[in-house]
Amino acid sequence: MNLEHLCQQVNTLAKEVGAFIKSQTIAASDVETKSKNSLVTFVDKTAEAKLVARLSELIPDSGFIAEEGTSEKICEVYNWIIDPLDGTTNFIHGVPCFCVSIGLKRNNDLVLGVIYEINLDELFYAWEGSKAYLNGKEIHVTPTPTLEDSLIATGFPYYDYDKQDEYMNLFKDLMRNSRGLRRLGSAAVDLAYVACGRFDAFYEYSLHPWDVAAGAFIVQQAGGKVCDFKGENNYLFGKEIITCNPHIHQELLAKVKLHFNY
Ligand code: 2AM
Ligand code: CA
């Protein structure tokens, strides 16, 4: 399979679906609650159906792990991990930070990632063996050497409060020992911003595979580190992710382990 060619096709698709999302206006009555604070609209569902239809054509023998459950099919080798609209709460509230996120897994390895940030028309992408790109230009994580000089993104817990105290203690520590913290409301955009050097790091817990698959892959192709809160590799399905440039990795991981008692 030619992953570079596939990536070009997925890029075109992500932009098409992004244009569809941008063209839609929603009313309060369009918003459904899946579970506490987990919102969805017909825009999310229609966008996912469009992605599933086209991605199934691009690799006929492929399955899907998709946020809105449009396709339940899991295949042995190739599986797409997709979030048609990452940042739904922002979208519903008119906050312009949301994206389309498409990852591809071959057996257990991520091999392609595409994130299209709709409002700024920014397309982030990479495939196995490639560099990482933003709108055709190569991107890299930052060279920042210390946490003290780092701008760090995170997401606040919004439904799973079991580790809220651990989270807040880490947050307080980083508030005092970094350049600052940011919370955009789209994990995929956070990851894309680490890849292109706008943020030095990002961490969050209770995320799903579709929030992180594409972004985690792009960050690694941009020279960054990705791991779970124990420093291990289970960030895709393990619901905990740390990602940053390689220089601050040990420093950040040590703080996460300290406050989460790992
Ligand atoms: P989603 O919009 O695709 O659901 C950041 O915290 C991540 O959590 C986002 O990528 C977002 O993905 C998800 N999320 C779901 N509901 C959320 C909420 N109410 N507030 C913040 N993030 C939410
Ligand atoms: Ca979503």
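**View 1. Helices and strands around the largest pocket.** Strands S1 (32-35), S2 (38-40) and S4 (78-86), plus helices H3 (88-93), H5 (187-195) and H6 (209-221), each supply at least two residues of the largest pocket's lining. Helices (H or I, at least four residues) and strands (E, at least two) are DSSP runs, numbered from the N terminus. Keep in mind that this is a predicted model, where local features need pLDDT of at least 70, side-chain atom pairs count only at pLDDT 80 or more, and totals for chains, interfaces and linings use all residues. Residues are numbered from 1 along each chain as its sequence is written.

**View 2. Inside the largest pocket.** Here you're looking at about 520 Å³ of space. Of its 28 lining residues, the closest to the centre are Asn37, Thr89, Tyr158, Gly185 and Asp211. A pocket is an open set of points on a 1 Å grid over the protein atoms alone, where a 1.4 Å probe fits, with protein on both sides within 12 Å along at least five of seven lines; lining residues have an atom within 4 Å of a point. Volume means the space filled by probe spheres set on the points, which are joined across faces, edges and corners.

**View 3. Where the largest pocket sits.** Domain 1 (3-138) and domain 2 (147-259) both give residues to the lining, so the largest pocket lies between them. The domain bounds come from an automatic or database domain assignment.

**View 4. The second largest pocket.** This one has a volume of about 250 Å³. Its lining includes Lys105, Phe217 and Tyr235. H6 gives the most to this lining, with three residues. Domain 1 (3-138) and domain 2 (147-259) each provide at least three of the lining residues.

Terms used
Chains lettered and ligands numbered in written order. Heavy atoms only, no water.
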